[in-house]
Amino acid sequence: MKINFKKTYKFAIKSALYISLFTTAFVLMLMSLFYKNQLQHQVAFGIIFIIVIYIFSFLVLQYRVERFIYRRVKKIYDEVSLLESTTLINQPINTDMETLSREVKKFATDKKLEIEMLEIREQYRREFLGNVSHELKTPLFTVQGYVSTLLDGAMDDKNIRKKYLKRAEKGVERLIYIVEDLDMITKLESGDLNLNMTDFDIVELIQNVFDLLEMKADKKKIKLAFESKNVQSVIIRGDKDRIQQVLENLIVNSIKYGKEGGLTEVGVVNLTKKKVLIRISDNGEGVEKQNIPRLFERFYRVDKSGTRSEGGSGLGLAIVKHIIEAHKEKVYVESEFGIGSEFSFTLEKAFKNPKADVKKS
């Protein structure tokens, strides 16, 4: 560690000056008493004396102060270094008390924030593990119950055997669904999931998702439609499969929590020459204001009862957020309890129309 001295010089200079002036005045006073008629010699002696005393005092004071402060400051740095703070370890030892106080205060503030972040992460970890345990426990116990019943003798009845095996199969499918979604989120967070960027028509993709989810919407008599009847094609740059997954998750979410005989609308809005906004709105039950900031957390439940009558992995919105952020875009949510919700996200427009290239060829 290097030593960086600042205000110790100022302290030593002033202290040496006071000592020199005092001792010189005192010696001159004594000389004036004993050598009254030798004024010229007294002045010369006084000048030489004050210079010598000043230099000697300065060197002694500076050395002593430096060593005194350095030993105590070094002890502080050594104690701080036990916390493995690269902020202070890699810096030279500073004997300026004001600067040192500022550095230690900043270090303490950073450590406090770090501890608070660790506490938040620990709380999140506990909630996450609890949620994962709950989500996996339900289908596991379901499968275990049916298999145990079959092993206890129910498998001899052909009808019961077939019915219980189908139910056990649904439980296994639910488990696979949850594990696959968890795996996807892990890959998205770690950057291991590579996006296959292509140009495609977002309006056409939305219509495909409508066709895919039509039967699911019909069960609740929910209508899937575009906001505008004359919606025009917009060519987007992105991972088509992942964006389809985003649309499916958001539309399925609106169907799950939509009102019987309700409406889910999708809008495509040109924000700028380079950006487009996709909106998915419904007139469902909506979300209370205090729950909105946590909607995109894994397994977060608006319904605190812990039930999930609509099924699903509980990871849909978290996956939406990660996929959109992987595209370096933003996702938004607005909701009013009892009135409905609107989820929206931005995407980048393509520079050219891929269909035009097909026609030319």
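Modeller: A strand is a DSSP run of E, at least two residues long, and strands are numbered from the N terminus. Ser-344 lies in one such run, strand 9. Bear in mind that this is a predicted model.

Biologist: How many helices and strands does the protein chain have?

Modeller: Nine helices and nine strands.

Biologist: Why is Ser-344 called buried?

Modeller: Buried means under 20% relative accessible area. Ser-344 has 8%, so it counts as buried.

Biologist: What is Ser-344 in contact with, leaving aside its neighbours within four places in sequence?

Modeller: Contact needs heavy atoms within 4.5 Å. Leu-277, Ile-278, Arg-279, Lys-330, Val-331 and Tyr-332 meet that for Ser-344. Val-266 is 78 residues from Ser-344 along the chain, and their C-alpha atoms are separated by 9.3 Å.

Biologist: Which residues does Arg-279 contact, leaving aside its neighbours within four places in sequence?

Modeller: Glu-227, Glu-265, Val-266, Gly-267, Val-269, Glu-342, Phe-343 and Ser-344. Take Gly-267: 12 residues away in sequence, with 4.9 Å from C-alpha to C-alpha.

Biologist: What makes a set of residues a nonpolar core?

Modeller: The members must be buried, must be of the listed nonpolar types, and must be joined through side-chain atoms within 4.5 Å. The largest such core here has 50 residues. Ile-202, Ile-206, Leu-247, Ile-251, Ile-278 and Phe-345 have the most contacts inside this core. Helix 6, residues 202-219, gives the largest share, eight residues.

Biologist: How do you know where this core lies relative to domain 2 and domain 3?

Modeller: Domain 2 (114-190) and domain 3 (197-348) both give residues to the core, so it lies between them. There is also a second, separate core of six residues, with Tyr-146, Ala-154, Tyr-164 and Ala-168 among them.

Biologist: What does Ile-278 contact, leaving aside its neighbours within four places in sequence?

Modeller: Its partners include Ile-202, Ile-206, Leu-247 and Phe-345. Val-266, Gly-267 and Val-268 are also in contact with Ile-278.

Biologist: Now helices 7 and 8. What describes two packed helices?

Modeller: The angle between their axes, and the distance between the axes. For helix 7 (residues 240-256) and helix 8 (residues 316-326), the axes come within 9 Å and cross at roughly 145°. The crossing is left-handed.

Biologist: Which residues of helix 7 and helix 8 make the contact?

Modeller: From helix 7: Arg-242, Ile-243, Gln-245, Val-246, Asn-249, Leu-250 and Asn-253. From helix 8: Gly-316, Leu-317, Ile-319, Val-320, Ile-323 and Ile-324. They divide into eight nonpolar, four polar and one charged. Gly counts as polar and Arg as charged, so Gly-316 and Arg-242 are classed that way.

Biologist: Asn-253 is in helix 7. How do you know whether Asn-253 is buried or exposed?

Modeller: The cut-off for buried is under 20%. Asn-253 has 19% relative accessibility, so it counts as buried. Not counting residues up to four places away in sequence, Asn-253 touches Leu-317 and Phe-343.

Biologist: Which residues of helix 8 are buried?

Modeller: Leu-317, Ala-318, Ile-319, Val-320, His-322, Ile-323 and Ile-324. The buried residues of helix 8 pack against helix 5 (158-190), helix 7, strand 8 (331-336) and strand 9 (340-349).

Biologist: Why is Lys-328 called exposed?

Modeller: Exposed means over 50%. Lys-328 has a relative accessible area of 75%, so it is exposed. Lys-328 is in the loop between helix 8 and strand 8. Its phi is positive, about 65°, although Lys-328 is not a glycine.

Biologist: What makes Lys-221 exposed?

Modeller: Lys-221 has 62% relative accessibility, and the cut-off is over 50%, so it counts as exposed. Lys-221 lies in the loop between helix 6 and strand 4 (223-226). Phi of Lys-221 is near 55°, a positive value in a residue other than glycine.

Biologist: What share of the 361 residues in the protein chain is buried?

Modeller: 37%. Of the contacts with a separation of 6 or more, 74% come from residues 24 or more positions apart.

Notes:
Residues are numbered from 1 along each chain as its sequence is written. This is a predicted model: local features need pLDDT of at least 70, side-chain atom pairs count only at pLDDT 80 or more; totals for chains, interfaces and linings use all residues. Side-chain values use heavy atoms; hydrogens and water are left out. Axes are lines fitted to C-alpha atoms, for helices over the stretch in contact, and angles run from 0 to 180 degrees between N-to-C directions. Helices (H or I, at least four residues) and strands (E, at least two) are DSSP runs, numbered from the N terminus. A crossing is left-handed if the near helix is turned anticlockwise from the far one by less than a right angle, and right-handed if clockwise. Buried means under 20% relative accessible area, exposed over 50%, partly exposed in between (1.4 Å probe, protein chains only). Domain bounds come from an automatic or database domain assignment.
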